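These notebook entries record what I looked up in the structure shown below.

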Amino acid sequence: MNILWKDGALDDFKKITTWYYNDRNSQAAEKFIDNVFHCIELLIQNPLMGHTEEFRNKKLTGYRSLVIHPYYKIVYKVNPNNTFLDITAIWDCRQDDKKLINALLR
């Protein structure tokens with residue numbers, strides 16, 4: 001299975017990682033990074049293991065999410081052939097869900 005990172009998801013990942021390095025320490029940042037990639041490996045093995053995300057906006061269908069940290073989740077889609085895992089956001093769950101919709105539409 002191939003992994004595709006949307007630009008917004010990469011931006012999310014970089015911002016969160018930078019925050020850990022700057023406001024916590026390198027050990028916490030490395031732990032977060034390792035956990036993200038471990039969860040992506042789990043999704044490669046079983047792409048449907050994440051929770052189905054449901055939105056009122058009908059343009060947003062087929063999204064799933066996997067909680068990777070008490071505050072963060074990976075939001076992703078899997079193509080119909082299960083050949084691509086499309087990571088669309090690393091989302092801070094403490095934010096308003098309306099912001100998530102905007103993030104997915106970016």
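**Entry 1: one residue.** Which residues does threonine 88 touch, not counting residues up to four places away in sequence? I found Lys6, Gly8, Ala9, Tyr63, Val75, Tyr76, Leu104 and Arg106, where contact means heavy atoms within 4.5 Å. I noted that the model is predicted, so local features need pLDDT of at least 70 and side-chain atom pairs count only at pLDDT 80 or more, while totals for chains, interfaces and linings use all residues. Residues are numbered from 1 along each chain as its sequence is written, and side-chain values use heavy atoms, with hydrogens and water left out.

I placed threonine 88 in strand S5; helices (H or I, at least four residues) and strands (E, at least two) are DSSP runs, numbered from the N terminus. Threonine 88 has 6% relative accessibility and therefore counts as buried (buried is under 20% relative accessible area, exposed over 50%, partly exposed in between, with a 1.4 Å probe and protein chains only). Its C-alpha atom is 8.9 Å from that of tyrosine 63, 25 residues apart along the chain.

**Entry 2: the sheet.** I read the strand order of the open, five-stranded sheet as S1-S5-S4-S3-S2, with mixed pairing; two strands pair if DSSP finds at least two bridges between them. The edge strands, S1 (2–5) and S2 (51–52), each pair on one side only. S3 (residues 63–67) and S4 (residues 72–78) run antiparallel and are joined by five bridges. Within S4, isoleucine 74 is the bridge partner of leucine 66.

**Entry 3: the helices.** Helix H2 (residues 26–45) lies across S1, S3, S4 and S5, at about 30 degrees to S4. Helix H3 (residues 97–105) lies across S3, S4 and S5, at about 145 degrees to S5. Axes are lines fitted to C-alpha atoms, for helices over the stretch in contact, and angles run from 0 to 180 degrees between N-to-C directions.

**Entry 4: aromatic rings.** How many aromatic pairs does a search of the whole structure find? I recorded eight. Rings of Phe, Tyr and Trp (its six-membered ring) pair if their centres lie within 6.5 Å; planes under 30 degrees apart count as stacked, over 60 as edge-to-face and the rest as tilted. The rings of tryptophan 5 and phenylalanine 37 have centres 6.4 Å apart and planes at 50 degrees, so the pair is tilted. Tryptophan 5 lies in strand S1 and phenylalanine 37 in helix H2, so this pair ties together parts 32 residues apart in sequence.
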